[in-house]
Amino acid sequence: MHGVAGLGRTAPRARRRQALTEPRLVQWLLIGTAMAFLGFFLFVPLLLVFAKAFSEGIGAWWAAVRDPVALAAIRLTLLTAAIAVPVNLLFGLAAAWAVTKFHFRGKNLLVTLIDLPFAVSPVVSGMIYVLMFGAHGVLGPWLQAHDIKIIFAVPGIVLATMFVTSPLVARELIPLMQGQGNDEEEAALTLGASGWQTFRRVSLPKIRWGLLYGIVLCNARAMGEFGAVSVVSGHIRGLTTTLPLHVEILYNEYQFAAAFAVASLLTLLALVTLALKSLIEWRTSR
């Protein structure tokens, strides 16, 4: 009887598994299509970037990377990310906490505003800052009178980068915190823990991998942003050119090997980001 009952439980599982399993030909066709797509649109371009970057030898690659203008672009890119990522980290935490822990009027509006940078073209977002802080913008005359430069200067680049990267941390944390619920926090508060203790010892450990995932994506986007930064930077060599803008300038000047040499740095950043993303997903699944 026990064996018959076991067979009875196994049969529905086998039928469900069979219903979800496509024929072998369909499986191989789907896998082959996906791999061909990735190979043509991802792997081959990556290989071509490195092949072109080292086409004139490692000496030419090193000279292009060590060029003073390239070093200035690297420093500006790192500075922009160093400012934008912590600010968006704090914003993402605050926004996710407000959306998931409190009930208030305007919550849907807040969620919509968080997603706004995803819906607006980066070029349009850059134009918004030009209309606000440009010489003929809303605040332009006042800024000129006080000798404050935002557009065609580092502050404009930082502001534009912060805008386009602002949703990334919040969008990683909101669904994660909604799925986890508030039971553990409520238990901690009931047992006498303060709000800070509850956040540091209960909430933060639960969301640490999602938070790190959002930081990695935010940092990668901040370093690779082109559209919004291109509008507000002014393309002043050595002063307001980030790595993506420097690549564009070199390419437009037909310095292809140097352009791909600098682009290889951004490609390495993308590969490191992908590796960190995979590691975080693996740890999260565990």
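**Figure 1. Lining of the largest cavity in the predicted model.** The residues T77, T80, I157, T161, A222, M223, E225, V229, T242 and P244 line the largest cavity. Helix 4 (68–101), helix 8 (154–165) and helix 11 are the elements that each give two or more residues to this lining. Helices (H or I, at least four residues) and strands (E, at least two) are DSSP runs, numbered from the N terminus. A cavity is defined on a 1 Å grid over the protein atoms alone, as a set of points where a 1.4 Å probe fits but cannot get out; lining residues have an atom within 4 Å of a point. The volume of the largest cavity is about 40 Å³, and a search of the whole structure finds one cavity of 30 Å³ or more. A volume is the space filled by probe spheres set on the grid points, which are joined across faces, edges and corners. By class, five nonpolar, four polar and one charged residues make up the lining of the largest cavity. Ala, Val, Leu, Ile, Met, Phe, Trp, Tyr, Cys and Pro count as nonpolar, Asp, Glu, Lys and Arg as charged, and the others, Gly among them, as polar. This is a predicted model, in which local features need pLDDT of at least 70 and side-chain atom pairs count only at pLDDT 80 or more, while totals for chains, interfaces and linings use all residues. Residues are numbered from 1 along each chain as its sequence is written, and side-chain values use heavy atoms, with hydrogens and water left out.

**Figure 2. The largest pocket and its lining.** A pocket is an open set of grid points with protein on both sides within 12 Å along at least five of seven lines. The largest pocket has about 240 Å³ of volume. Its lining has 13 residues, of which F133, G134, A135, Q144 and I151 lie nearest the centre of the pocket. Helix 6 (122–133) and helix 7 (140–145) each supply at least two of the lining residues, and the largest share, three residues, comes from helix 7. By class, the lining of the largest pocket divides into eight nonpolar, three polar and two charged residues.

**Figure 3. The second largest pocket, with helix 2 and helix 14 in its lining.** The second largest pocket holds about 210 Å³ of space. Its lining consists of L42, F43, L46, L266, T267, A270, L271, T273, L274 and K277. Helix 2 and helix 14 (256–285) each supply at least two residues of this lining; the largest share, seven residues, comes from helix 14. Seven nonpolar, two polar and one charged residues form the lining of the second largest pocket. One of the lining residues, L266, is placed in helix 14 and counts as partly exposed because its relative accessibility is 21%. Buried means under 20% relative accessible area, exposed over 50%, and partly exposed in between (1.4 Å probe, protein chains only). The C-alpha atoms of L266 and M223 are separated by 8.0 Å, with the two residues 43 residues apart along the chain. M223 is also among the residues that line the largest cavity.

**Figure 4. Helix 2, its span and its bend.** Helix 2 (residues 24–53) has 30 residues and should span 44 Å at 1.5 Å a residue; its end C-alpha atoms are 41 Å apart, which agrees. The expected span is 1.5 Å times one less than the number of residues. Helix 2 bends by about 45° at G39, where the bend is the angle between axes fitted to the seven residues ending there and the seven starting there. G39, V49 and A53 are buried in helix 2. W28 is also placed in helix 2, but counts as exposed because its relative accessibility is 58%. The C-alpha atoms of W28 and E56, 28 residues apart along the chain, are separated by 40 Å.

**Figure 5. The S203 side chain and its contact with E185.** S203 lies in helix 11 (residues 195–224) and counts as buried because its relative accessibility is 2%. The side chains of S203 and E185 are joined by a polar contact of 2.8 Å. A polar contact is a pair of N or O atoms within 3.5 Å; within protein, one must be able to donate a hydrogen and the other to accept it, and residues adjacent in sequence count only if both atoms are side-chain atoms.

Figure 6. Most residues other than glycine have a negative phi. D147 has a phi near 55°, a positive value in a residue other than glycine. D147 is in the loop between helix 7 and helix 8 and counts as exposed because its relative accessibility is 64%. Y254 has a positive phi as well, near 65°. Y254 is in the loop between helix 13 (243–252) and helix 14, and is exposed, with a relative accessible area of 65%.
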